[in-house]
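These are my notebook entries on a structure that I had not examined before. I record what I looked up, topic by topic.

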Amino acid sequence: MKVRRGEAGQSLVLVALLAFILFAFVGFAVDLGRLYLIRGELNVAADAMALAAAQNLIGTSTAEGLAQTAAARVQDGTTGGDNRFNFEGNTIGGDSSLASQVEGMDLYATYADAIAGDLGTTTDGSTARYVRVRVRADAPLTFWQFLPVAQLGKTSIGTAAVAGISQPLCTACGIEPLAIVPVDFADDTNFGFVRGLKYTLYSQCTGAAPPLLAGTSGTIQYTVLNRNIENSTDLDQQVFQLLAGGIPAPLVPVSDTSNLACPTIGVADLRLPTVSVAACNAVQRGSIVTDTVCGLNARLTATPHPFCETITDVDGVITSYPPDTDVDNQDDYADYGGNRRRILTVAIVDNLPFNVATTMNVLGFRQFLLEPNPNTTELDPTDPVGRFVAMYIGFPAPVKQGTFGSCGVTQGPGKVVLHQ
Amino acid sequence: MRRPASRGASIVETALLVPVLVLLMVGGMEFGKIFLTYYTLHKALRGAAGMASVLRGADFCDAGDPQLTAIRNFVVFGPDGNGASPLVRDLDADRIVITPERFNTEDGTVTDCPCGGGGGCGTATGTRAPDYLLVTIDGGYPYEPQIPFRVMQTILLRPHVRVPFGGQ
């Protein structure tokens, strides 16, 4: 009898022990899975914030503030669409027993520093090319908390994302449809333009340079690139919209495999034929040059110039492309504190054919800061040759989109890419 | 040597314990499966968001936009496209919703981008590309835990991903 009772108990004890061990292992596995899952969710949030921040690395002293604001905006929870963690149960930075926060945002000038983690040398907004966003949150440990090492029932998980401005692009999208010719073809950094110098940009079919606008030290002839809009029912409005906001998507169908969607270095591009007005100096409403300046003017003021009011739905387009937050005349690009609306990315081409609709080859892309005309906050669309002031700034800001290729350029604007 | 009575007791004990063990194991596996399903869906949405955020010329106000349809099919069915076995059971590509969002300068919030001119999204005159994209599963993905001897409540998995829009 004694032996039998002992045997029976032994079996029960064994199975109970086995069940306990099994339970413990299953619990560990579940908790570990949850940690990985939460890390993945934090990663998504960090990536989104880093990408949004990097779009604001435009090489000004206010870029850091802009980047921080942009990163915070991604996590706006008005509609509950902000990236969350723990099965979407907790907002990052939200009030909960699981603490979470955006630990910080660091700016770096070089890729090596950016990916070196906490060891990298940080920099300020004016030289930053990369941004690293760190997110940290507590993950619950449902089963581990029975162990002495995890009695709090949670553990802290950190993750970081690095985004930055890429290598020079061969094809740039979303840039302004303007083309200019280099001053110095041999200068592959600035094409002979001087950083920080203000130029009078004009468009004149005779090619003769008009008088300089006040405060400028040179003239640059420009033309409007053909973006497949000449058959549009309302060319004035299309040109206005192009210049007010860059090339909007609807104007560039995906099926368009030609170069019209985005200019590519080394590939021929077309001038908008109608730019060549017959009477060069006649002030005429409806000329492409006027529409161009009207569009650029929308980047400085929300009120359309009286000369531009005849453009169809001009107010609607301006609502879509609100003016820059900084419309002051700037002498130093580093002081510019706006939201990038005044930065014009233009194509540099080898020639500007005004008399015939011929092709021009794209050499690169460079950027200018649009300046208000002297003594006013606006541009002057009544100017017969479409003059406006712009400061050459090189290529500090990322363009909206683009692709790499084998065009061989070593300098030029890049786009925002996620590195880590 | 054991007597028959003892063996019987052992069998009864085992018979009582085996369901408990099976329940424990299956329960653990179900936990893992819920995590795996959620992770898979979240990752798919992240992929869709990544691809959609660099699109050019896509109309986010059109549910049948070919570029967006291609992305939805890709993340659900893989490179073989519609008709292949879905990523998770009974997931339909149409259930993945890509919503354009807009930052409102007046009140500083991010809300759904209205479709139409005057600052909205779409292709009409006066529209502009969205600021953010929110990728969700319409109505959530219902997961039914399969645990023996018990009818479990359906768990609704609602992953979502927001990305800044970097296309045009």
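**Entry 1: the salt bridge between the chains**

I began with Asp47(A) and Arg46(B), whose side chains meet in a salt bridge at 2.4 Å, N to O. I note at once that the model is a predicted one. Across the interface of chain A and chain B, the rule finds 1 salt bridge. I then looked up the polar contacts between chain A and chain B, and the count is 12 residue pairs, both residues at pLDDT 80 or more.

Which helices of chain A supply at least two residues each of the side that touches chain B? I find helix H1 (2-54), helix H2 (63-74), helix H4 (235-245) and helix H6 (314-320) of chain A. H1(A) gives the most to this side, with 23 residues. Sorted by class, the side of chain A that touches chain B has 28 nonpolar, 18 polar and 12 charged residues.

I next noted the extent of the interface. The contact involves 58 residues of chain A and 48 residues of chain B. The size of an interface is often given as the accessible area lost when the parts come together. For chain A and chain B I recorded a buried area of about 4,400 Å², with 62% of it on carbon and sulfur atoms.

**Entry 2: the nonpolar cores**

I turned to the largest nonpolar core, which has 35 residues. Ala52(B), Phe60(B) and Tyr141(B) are the residues with the most contacts inside this core. I listed the elements that each supply at least two residues of this core: H1 of chain A, together with helix H1 (4-52), helix H2 (66-77), strand E1 (96-104), strand E3 (132-137), strand E4 (141-143) and strand E6 (160-164) of chain B. The largest share, 9 residues, comes from H1(B).

Leaving out residues up to four places away in sequence, Ala52(B) touches Phe60(B), Leu68(B), Ile71(B), Ile98(B), Leu133(B) and Phe165(B). Another core, of 31 residues, lies apart from the largest one, and Ala50(A), Phe85(A), Met105(A) and Ile157(A) are among its residues.

**Entry 3: Leu57(A)**

I located Leu57(A) in the loop between H1 and H2 of chain A. Is Leu57(A) buried or exposed? Leu57(A) counts as buried, because its relative accessibility is 0%, under the 20% limit. Its contacts beyond four places in sequence include Ala63(A), Leu107(A), Tyr130(A), Ile165(A) and Pro396(A). I also looked up Asp234(A): from C-alpha to C-alpha, Leu57(A) and Asp234(A) are 36 Å apart in space, and they are 177 residues apart in sequence.

How many residues of H4(A) are buried? I count 10 of the 11 as buried, so H4(A) is largely enclosed by the rest of the structure. Leu235(A), Gln238(A), Phe240(A) and Gly245(A) are among the buried residues of this helix. The buried residues of H4(A) pack against E7, H5 and H6 of chain A.

I then examined H5(A), which is mostly covered, with 10 of its 10 residues buried. The buried residues of H5(A) include Thr290(A), Asp291(A), Cys294(A) and Asn297(A). Among the elements that cover them are strand E9 (219-224), H4 and strand E12 (359-371) of chain A.

Ile288(A) belongs to H5 (residues 288-297) of chain A, and at 3% relative accessibility Ile288(A) counts as buried.

**Entry 4: other salt bridges**

My search of the whole structure finds 15 salt bridges over all chains. In chain A, the side chains of Asp82(A) and Arg84(A) meet at 3.2 Å, N to O, and Asp82(A) is buried, with a relative accessible area of 3%. Arg387(A) forms a salt bridge with Asp383(A), the closest N and O atoms being 2.8 Å apart. Arg387(A) counts as buried at 17% relative accessibility, and Asp383(A) counts as buried at 8%.

Asp131(B) counts as partly exposed at 21% relative accessibility, and Arg128(B) is partly exposed at 22%. Lastly, I recorded a network of salt bridges that links Asp106(A), Asp118(A), Arg132(A) and Arg134(A).

How values were computed
Residues are numbered from 1 along each chain as its sequence is written. Chains are lettered from A and ligands numbered from 1 in the order in which they are written. This is a predicted model: local features need pLDDT of at least 70, side-chain atom pairs count only at pLDDT 80 or more; totals for chains, interfaces and linings use all residues. Side-chain values use heavy atoms; hydrogens and water are left out. Contact means heavy atoms within 4.5 Å. Buried area is the accessible area (1.4 Å probe) that two parts lose on being put together, summed over both. A salt bridge is a side-chain nitrogen of Lys or Arg within 4 Å of a carboxyl oxygen of Asp or Glu. A polar contact is a pair of N or O atoms within 3.5 Å; within protein, one must be able to donate a hydrogen and the other to accept it, and residues adjacent in sequence count only if both atoms are side-chain atoms. Helices (H or I, at least four residues) and strands (E, at least two) are DSSP runs, numbered from the N terminus. Ala, Val, Leu, Ile, Met, Phe, Trp, Tyr, Cys and Pro count as nonpolar, Asp, Glu, Lys and Arg as charged, and the others, Gly among them, as polar. Buried means under 20% relative accessible area, exposed over 50%, partly exposed in between (1.4 Å probe, protein chains only). A nonpolar core is a set of buried Ala, Val, Leu, Ile, Met, Phe, Trp, Tyr and Cys residues joined through side-chain atoms within 4.5 Å.
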